[in-house]
Amino acid sequence: METKIYPDYETLSAAVAQIMFDTIQQKPTAVICLASGHTPLLPCQLFVKKANDEHLHISEATFLGLDEWVGVPPENEGSCHYFLYNTVFNPLGLQAGQIHLFNSMADDLSIECITMDEVIENNGGIDLMIVGIGMNGHIGFNEPEVSFTNLSHVIELDKTTIEVGQKYFPAATTLSKGITIGLQHLMNTKQVLLIANGEKKATIIQQTIESEVSNQIPATIMQTHKHGVIMLDDAASSKINKIN
Ligand code: F6R
C-alpha cells in the first residue's frame, strides 16, 4: 500500500480522474468499480469532462456500482444508483450493458449478489476500484466486524452509517441494510484507490494507516493490498504520524 497526499480536494480529484482515464485508455475493456457519496463527486465529474473532451473510447468499458442502500429506490436522490447515473453514466452516454448495479429493491437480494459476483468473474475481475471511507472505517458497506473474505453480500448497517447516511437524503430516511461488493473482491482488484478529503476524515485515516489490520476497522485491509493507494488531501492526512 502506498499513501499519496495532495494539497487540496481539487488536486486530489484531478489525480483520481487521471488514473480513471489512463486505466481505460490503456485497457478499453477495463472494469471500473465506483463508490458513490460526497468524496468521489469531483473526481467523477473531472473524469467525465476529460473523457468527453478527449473522446476517450469508453464503449467497451464496464462500470460496477460498489453498493446500495437496501430498499431505497433508484429515483431517490440519496441512492447510489442516482449518484452514479447522474454524475457518471448518463453524462458519458454509456449503454445499459456496460453498467451493473445492485437492484436493492429486488425480492431476492441473494440473486443480486450472485449476479454481481458472476459479472465480476465473467469480465475477468475488476481493474480499478475507487472507494471512499466511512467515519467508522467502512469501505462500501463493509461495516466493522465484516469478514474480509466476503464476496457480494447484504449486511446490517452500523449505527454510524445510518446516522451519517442521512446527509445524502432530502428528508429523514429509514436505513437498515446495505448490499455491497465484499472485501475479497477488493483484494482481488488490480488497483484500489481509497480517497478521503477534509479534516473530518483525519482520525479514521490515521487509524486506517497506523492501526493493526483488523475487521474492527475494515479499511485497514488496504494495508495488505499490493496495489492499494490511499489518496488524501492535506486535511485528511493531518493526523498521520508522518515519521512512520
Ligand atoms: C458509498 C460508499 C460509502 C462511502 C463512505 C464515505 O457508495 O461506498 O462507503 O464511500 O461512506 O462517504 P462520503 O464520501 O460521502 O464521505
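**Exercise 1. Charges**

Determine how far apart the mean positions of the positive and negative charges of the chain lie in this predicted model.

*Solution.* The first step is to count the charges: the chain carries 13 positive and 28 negative charges.

**Exercise 2. Overall form**

Decide whether the radius of gyration of the chain agrees or disagrees with that of a compact globule.

*Solution.* For 244 residues, a compact globule would have a radius of gyration near 18 Å. The chain has 17 Å, which agrees with that expectation. Along the principal axes, the C-alpha atoms fill a box of roughly 45 × 40 × 35 Å. The secondary structure within this box consists of seven helices and ten strands.

**Exercise 3. Burial, contacts and surface**

State what share of the residues is buried, what share of the contacts joins residues 24 or more positions apart, and what share of the exposed area comes from carbon and sulfur atoms.

*Solution.* Of the 244 residues, 53% are buried. Among contacts with a separation of 6 or more, 79% are between residues 24 or more positions apart.

**Exercise 4. Phe 63 and Phe 89**

Classify the aromatic pair formed by Phe 63 and Phe 89, and locate both residues.

*Solution.* A pair of aromatic rings is described by the distance of the centres and the angle of the planes. The whole structure holds five aromatic pairs. In the pair of Phe 63 and Phe 89, the ring centres are 5.9 Å apart and the planes meet at 65 degrees. Planes over 60 degrees apart count as edge-to-face, so the pair of Phe 63 and Phe 89 is edge-to-face. Phe 63 belongs to strand β3 (residues 62-65) and Phe 89 to helix α3 (residues 80-92), so the pair ties together parts that are 26 residues apart in sequence. Buried means under 20% relative accessible area. Phe 63, at 0%, is buried, and Phe 89, at 1%, is buried as well.

**Exercise 5. Trp 69 and Phe 141**

Classify the pair of Trp 69 and Phe 141, and name the aromatic cluster that includes them.

*Solution.* The ring centres of Trp 69 and Phe 141 are 4.6 Å apart and their planes stand at 50 degrees, so the pair is tilted. Trp 69 lies in strand β4 (residues 67-69), while Phe 141 lies in the loop between β6 (128-131) and β7 (153-156); the pair thus links distant parts of the chain, 72 residues apart. Trp 69 and Phe 141 are both buried. Together with Tyr 168 and Phe 169, they form one aromatic cluster.

Methods. Residues numbered from 1 in each chain as written. Predicted model: local features only at pLDDT ≥ 70, side-chain atom pairs only at ≥ 80, totals over all residues. Heavy atoms only, no water. Helix = DSSP H or I, 4+ residues; strand = E, 2+ residues; numbered from the N terminus. Rg over C-alpha atoms; globule rule 2.2 N^0.38 Å. Buried < 20%, exposed > 50% of the residue type's maximum accessible area, 1.4 Å probe, protein only. Contact = heavy atoms within 4.5 Å. Lys, Arg positive; Asp, Glu negative; His and termini not counted. Charge placed at Lys NZ, Arg CZ, Asp CG, Glu CD. Phe/Tyr/Trp six-rings, centres within 6.5 Å; stacked < 30°, edge-to-face > 60°.
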